[in-house]
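Visitor: I have some questions about how this chain packs. Can we go through them one at a time?
Guide: Go ahead.
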Amino acid sequence: MLQNKGKFTEGKAIGSNLSNPVIIVGAARSGTTMMRDALSRHPDLGLVPYEMNGLWHYGISNIKHDMLDAQVHFTPENAQYIRSELARILASTGKKRLIEKTAANVMRIDFVHAVLPDAKIVHIVRDGRAVVASALIRWQAKPEAGYLMKKAGTIPLSRLPKMALEYGLNRIKGAVSGRGHTMSWGPVWPELASDMDVLPLVGVCAKQWQVSVKSAFASRIPAEQIMQIRYEDVVADPENVFNSIASFLDIDPTAPDFQQHICTQINDGSADKWREAFSSEELKIIYSVAGEVLQELGYVS
């Protein structure tokens, strides 16, 4: 069974009052936003309202993928800058602790831990078939004004021009290639471009999930600082699961707004929708790419 590999302890808290932040990780479309939104209702937790992939690449922007290696890419300088930016956001919330959710962090948990050695990490795992079904929609989505405006509202103004340019170039490259989808969406692994040359999009999405999950379970941070949660358990029994998460994070599970959100906003309405999403041939592709991990996690026998 996939499991975390052991301790990784490099790095010390550097230069800020940021303490015990909460980092949410998981393959894109695994329920990380659901988890972030629920925890953000707790009065002790302040929210980073947008994904911070550019911040995590500070000082190493020449690395064009998201699998940052703590032994190679970590420096005291980039750690201090990242911590200071997160501390600034925390101060603006007026809360005790910070929640941060950047999808690509699932591929670099040891790097995140080196930068934030006292962080508590919640890793949410979801059936890869459901993830692929959801990811396919995002990879193939045509630009929609409503979605783009909502997304833009989660991005700092200083980063909007660069991200808008990157988004436009991705759309253009996808159209020119004849693939009918964007050239990149979600966390990027080093072999993405070559995988896209040999795999159909459903296989690319399956590979994205597989790499994300295997990267997370390969992390070597102390076991007491990371908690694995199944998406399926969250939506089936949110109150009990969030009580366990609250205990892990050392927060009061009875906070009224927190409890109300958990009881009214989390349900299992989309848990099995993937069953209607694929042809038999597409399922064969998913199993050929990610079947071993699906089996290790108990999603297929």
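This is a predicted model: local features need pLDDT of at least 70, side-chain atom pairs count only at pLDDT 80 or more; totals for chains, interfaces and linings use all residues.

Visitor: Fine. At roughly what angle do the axes of helix 6 and helix 10 cross?
Guide: Roughly 120°, and the axes come within 9 Å. Helix 6 and helix 10 are therefore oblique to each other. Helix 6 covers residues 128-140 and helix 10 covers residues 201-217.

Visitor: Is that crossing left-handed or right-handed?
Guide: The crossing of helix 6 and helix 10 is right-handed.

Visitor: Which residues make the contact?
Guide: From helix 6, Gly 128, Val 131, Val 132, Ala 135, Leu 136, Trp 139 and Gln 140. On the helix 10 side they meet Leu 201, Val 202, Val 204, Cys 205, Ala 206, Gln 208 and Trp 209.

Visitor: And helix 12 with helix 13, what is the angle there?
Guide: Their axes cross at roughly 140° and come within 9 Å. That makes helix 12 oblique to helix 13. This crossing is right-handed. Pro 238, Glu 239, Phe 242 and Asn 243 of helix 12 are in contact with Phe 258, Gln 259 and Ile 262 of helix 13.

Visitor: How far is the C-alpha of Gln 260 from that of Ala 38?
Guide: 9.6 Å, although the two residues are 222 residues apart along the chain. Ala 38 belongs to helix 1 and is buried.

Visitor: How many residues of helix 1 are buried?
Guide: 6 of the 8 residues in helix 1 (residues 32-39), so that helix is largely enclosed by the rest of the structure. They are Thr 32, Met 34, Met 35, Arg 36, Ala 38 and Leu 39.

Visitor: Changing topic. How many aromatic pairs are there?
Guide: The count comes to 3 aromatic pairs. One of them is Trp 56 with Phe 111: the ring centres are 6.5 Å apart and the planes are at 70°, so the pair is edge-to-face.

Visitor: Where do Trp 56 and Phe 111 lie?
Guide: Trp 56 is in helix 2 (residues 53-56) and Phe 111 in helix 5 (residues 109-115), so the pair ties together parts that are 55 residues apart in sequence. Trp 56 and Phe 111 are both buried.

Visitor: What about Tyr 58 and Tyr 81?
Guide: Those rings have centres 3.8 Å apart and planes at 15°, so the pair is stacked. Tyr 58 lies in the loop between helix 2 and helix 3, while Tyr 81 is in helix 4 (residues 76-93), so the pair ties together parts 23 residues apart in sequence. Tyr 58 is partly exposed, at a relative accessible area of 36%. Tyr 81 is partly exposed as well, at 33%.

Visitor: Which rings have a charged end over them?
Guide: Among them are Phe 248, with the charged end of Lys 120 at 4.7 Å from the ring centre, and Tyr 231, with that of Arg 126 at 4.0 Å.

Visitor: Last one. How many helices and strands does the chain have?
Guide: 14 helices and 5 strands. Of the 301 residues in the chain, 50% are buried. Among contacts with a separation of 6 or more, 80% are between residues 24 or more positions apart.

Methods: Residues are numbered from 1 along each chain as its sequence is written. Side-chain values use heavy atoms; hydrogens and water are left out. Rings of Phe, Tyr and Trp (its six-membered ring) pair if their centres lie within 6.5 Å; planes under 30 degrees apart count as stacked, over 60 as edge-to-face and the rest as tilted. Helices (H or I, at least four residues) and strands (E, at least two) are DSSP runs, numbered from the N terminus. Buried means under 20% relative accessible area, exposed over 50%, partly exposed in between (1.4 Å probe, protein chains only). A charge sits over a ring if NZ of Lys or CZ of Arg is within 6 Å of the ring centre and within 35 degrees of the ring normal. Axes are lines fitted to C-alpha atoms, for helices over the stretch in contact, and angles run from 0 to 180 degrees between N-to-C directions. Angles under 35 degrees count as roughly parallel, over 145 as roughly antiparallel, 65 to 115 as roughly perpendicular and the rest as oblique. A crossing is left-handed if the near helix is turned anticlockwise from the far one by less than a right angle, and right-handed if clockwise. Contact means heavy atoms within 4.5 Å.
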